[in-house]
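Here is a short report on ring contacts and a surface patch. Please look over the sequence and structure first.

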Amino acid sequence: MKRPNQQAPAHLSRTFTGTYRLTGRVVEFDNAKTPFLKLRLSDCEGDRIAMLNLAKTHVPERIGHLDFVTASGIKCLSGQFLLDEFRKATREEVHSLDTLQSLPRVYAPAPAVFDQLVKTVQSLQSEHLRSFLTRVLERKDRIEAFLNAPASVTYHHAYPGGLLEHSLNVANNAVAMLRLNEPAMPRLMQETCFVAGLLHDIGKTYTYDSKGKPNAAWKLCSHDAFTLEACAYGLAYLDQHEPDIAMTLRHIWTCASPGARYGQPAAMTLARYIRDADGQSAMTDNQQRAFRSKSQWGFSRIGQNVFWRPETSMLQTQ
């Protein structure tokens with residue numbers, strides 16, 4: 001490794017400081033055998049690869065994968081960050097971050113979908129719903145699974161990042177139905193509908209590992225049983241600040257669908273919007289898969305599901 005230019009002139013560098021997630025580190029040596037700690041500092045915007053001179057800067061112990069860290073130094077023309085400070089972030093520094101700012105974009109298989117998630121969540125007007133989502137999605141044990149997991153193993157959205165894409169589809173389409181049918185619905189309820197759709201399958205993060213591979217829970221438990229568990233910390237927060245919203249989310253996620261053995265009947269239209277948007281998102285993905293490598297009209301099959309496209313649909317799209 002070449003020795004980093006630690007004396008870069010002011011006009012060739014700029015100072016920086018920030019709070020990030022630590023997503024990678026390795027020790028490297030320059031040509032003079034000086035040890036440097038090469039760090040990957042990540043947030044929702046991307047990564048910063050930074051070098052820390054171990055001969056000059058003390059590295060705090062007990063900083064682990066995905067921990068919050070605060071780093072400062074200079075950025076050279078080479079794009080390299082040379083640090084003069086590296087430590088665990090304080091609670092105040094973490095709380096000052098915008099909602100979902102700490103999610104590492106590097107873990108998102110579909111960056112465009114990830115960017116849509118962050119942009120939409122940060123646009124929510126409800127401070128309590130944003131805080132709720134922070135408590136659910138920014139947990140170290142949920143981050144990678146939520147971004148990497150498929151929505152299913154062999155059914156719809158069965159690819160890395162499929163869970164996030166499906167969840168956003170459901171959230172956005174449910175809100176669209178709500179606005180179409182009930183345009184006078186308060187903004188808070190519209191945002192609650194979005195959050196309910198976004199997290200309706202969050203229990204699946206317990207059934208996949210951090211790389212999106214099925215684990216033991218996938219074979220032993222229904223993902224629905226994990227939904228309230230995944231949201232428990234956030235729901236406890238809402239119980240203190242927006243108790244009716246907390247109960248609304250619980251009802252939407254646990255009420256019965258047609259033919260279900262358990263669950264209370266749906267008592268609000270939001271629950272139906274989520275259910276219908278979920279089914280439409282799954283069917284849309286399966287129909288696209290069914291005709292991906294075949295004629296674009298006629299009959300096709302995915303598993304036990306038969307799909308049909310009339311020939312006129314081809315003419316209408318030309």
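The text below covers aromatic pairs, charges over rings and a nonpolar patch.

This is a predicted model. A search of the whole structure finds three aromatic pairs. One of them joins Tyr206 and Phe226: the ring centres are 4.9 Å apart and the planes meet at 5°, so the pair is stacked. Tyr206 lies in the loop between α6 (187–198) and α7 (216–220), and Phe226 lies in the loop between α7 and α8 (227–230). The pair therefore ties together parts that are 20 residues apart in sequence.

Are these two partners buried or exposed? Tyr206 counts as buried, because its relative accessibility of 17% is under 20%. Phe226 has 13% relative accessibility and also counts as buried.

Another aromatic pair, Phe299 with Trp308, is tilted. Its centres lie 6.2 Å apart, with 35° between the planes. Phe299 is exposed, at 64% relative accessibility.

The table gives two cases.

| Charged end | Ring | Distance to ring centre |
|---|---|---|
| Arg135 | Tyr233 | 5.7 Å |
| Arg142 | Tyr206 | 3.9 Å |

On the surface, a nonpolar patch is formed by Val27, Phe29 and Leu54. Together they have about 250 Å² of accessible area. Val27 belongs to strand β1 (residues 13–29). Its relative accessible area is 43%, so Val27 is partly exposed.

Key:
Residues are numbered from 1 along each chain as its sequence is written. This is a predicted model: local features need pLDDT of at least 70, side-chain atom pairs count only at pLDDT 80 or more; totals for chains, interfaces and linings use all residues. Side-chain values use heavy atoms; hydrogens and water are left out. Patches are made of residues with over 30% relative accessible area and no salt bridge: like charges are joined within 9 Å, nonpolar side chains (Val, Leu, Ile, Met, Phe, Trp, Tyr) within 5 Å. Accessible areas come from the Shrake-Rupley method with a 1.4 Å probe; for residues, only the protein chains shown count as cover. A salt bridge is a side-chain nitrogen of Lys or Arg within 4 Å of a carboxyl oxygen of Asp or Glu. Helices (H or I, at least four residues) and strands (E, at least two) are DSSP runs, numbered from the N terminus. Buried means under 20% relative accessible area, exposed over 50%, partly exposed in between (1.4 Å probe, protein chains only). Rings of Phe, Tyr and Trp (its six-membered ring) pair if their centres lie within 6.5 Å; planes under 30 degrees apart count as stacked, over 60 as edge-to-face and the rest as tilted. A charge sits over a ring if NZ of Lys or CZ of Arg is within 6 Å of the ring centre and within 35 degrees of the ring normal.
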